[in-house]
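Here's a quick briefing to read with the model open beside you. Take a look at the structure, then work through the points below.

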Amino acid sequence: MSEWLSREEALEKLKVRPQTLYAYVSRGRIGMRPDRADPRRSQYRADDIAALATRRVRGRSPSAIAESAIAWGEPSIATAISTVLHGHLVYRGQDAVALSGRATLEETAAVLWALPEPVAFEAPLPDAPHQAGRASAFAQLALLAGRGRPSLGRSAASQHADAAHAVGVLAGALGASAGPDPVHRRLARHWSVDATGAEAIRRALVLLADHELNASTFAARVAASTGASLAACLLAGLATLQGPRHGGAGEAVMQLAEDAARHNADAAIRRWLSHDRPLPGFGHPLYPDGDPRAAALLGVIDIDDLSRSLRDAALAATGARPNIDFALAVLTRGLGLPRDAPFRLFALARSVGWAAHTVEQITSGSLIRPRGRYEGVLP
């Protein structure tokens, strides 16, 4: 659970006057709640205070500012697309969990792209039969990127059209057959999943559509800042997503579940932790009280006995709750989806967010070009 500090503790950690503390609260920089022991007093969120204290200690020298701008948890790019605020994921002012209860990915794209109507992601008919999956996604998007037009100087409407086409191509490469239905139904049809399973896939896609300045989104924005084509920006995001510390974490969760099936959950977790490997599928720095995306998805799918025992054993051993990677693994096991389904769902959904950030970055007109702080040998 999040820790809360008294007024005196907050002032001591920040080394500021009470007026400054109240200003931080009024601007939403520090969370505040009534003290449960004495409602006349207030408590302040420790995580927010620690982040502010870190920034103050770094100072305002150019090198400190530059280095802190790309440190984990220190976003340096203004965006109106999404944020994580006190444990809630927000898409342009809308709670993402609430949105996932009713919206399709196409409708979520309209929210993230600030459009009045749902976006159509039409998967083209392939020229030749191909095996849907990660390799096909890279290949098809690379072909599109190679033919794409630079994005600079073009209207937002033109960029959104390119984005819709690129996401459609990616959807087809990941298994969504061509047709007028929303992509979650087309994926469900490809995977022979019933209507209940299709609804779970829909919710997963909405919950994964964006997550503020994560690593793959930052990569897409860097590419966008150079004027690269929409497809090239999505390809930059896809390449970054596959890393095991990002969208590739689903593979590690599937491996953990297989270890638990062979050795039991407690033994599997002990084996992972004894090798100094981070436990995949549990905990998230932005969600100290638990990942709301995971809770929302796990709330609409059946959790098998193995996954339930793994969840309970992880909580007992580490105190960490399931994150979205664990929920995707449970979804995959429960619906009998391909082993790489977590990555496919992640890539398709997040491409919508990459496109939103790409257009926003292009519109800003700025180039993302940090400097290196050289620590090598001098001439």
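Predicted model: local features only at pLDDT ≥ 70, side-chain atom pairs only at ≥ 80, totals over all residues.

- β4 and β5 are part of an open sheet of three strands, ordered β4-β5-β6 with antiparallel pairing.
- β4 (82-85) and β6 (94-95) sit at the edges and have a single partner strand each, so one side of each has no neighbour in the sheet.
- In case you're wondering what holds such strands side by side, strands of a sheet pair through backbone hydrogen bonds.

**A buried histidine**
- H357 belongs to helix α18, which spans residues 341-364.
- H357 has a relative accessible area of 0%, and because buried means under 20%, H357 counts as buried.
- Leaving out residues up to four places away in sequence, H357 touches T79, I81, S82, D210, E212, L213, T217 and R221.

**A patch on the surface**
- Y374, V377 and L378 make a nonpolar surface patch of about 400 Å².
- You'll find L378 in the segment after α18.
- Is L378 buried or exposed? L378 has 64% relative accessibility, so it counts as exposed, the cut-off for that being over 50%.

Definitions and conventions:
Residues numbered from 1 in each chain as written. Heavy atoms only, no water. Helix = DSSP H or I, 4+ residues; strand = E, 2+ residues; numbered from the N terminus. Buried < 20%, exposed > 50% of the residue type's maximum accessible area, 1.4 Å probe, protein only. Contact = heavy atoms within 4.5 Å. Patch = residues over 30% accessible without salt bridge, like charges linked within 9 Å, V, L, I, M, F, W, Y side chains within 5 Å. Areas by Shrake-Rupley, 256 points an atom, 1.4 Å probe, with all protein chains shown as cover. Salt bridge = Lys/Arg side-chain N within 4 Å of Asp/Glu carboxyl O. Pairing = 2+ DSSP bridges.
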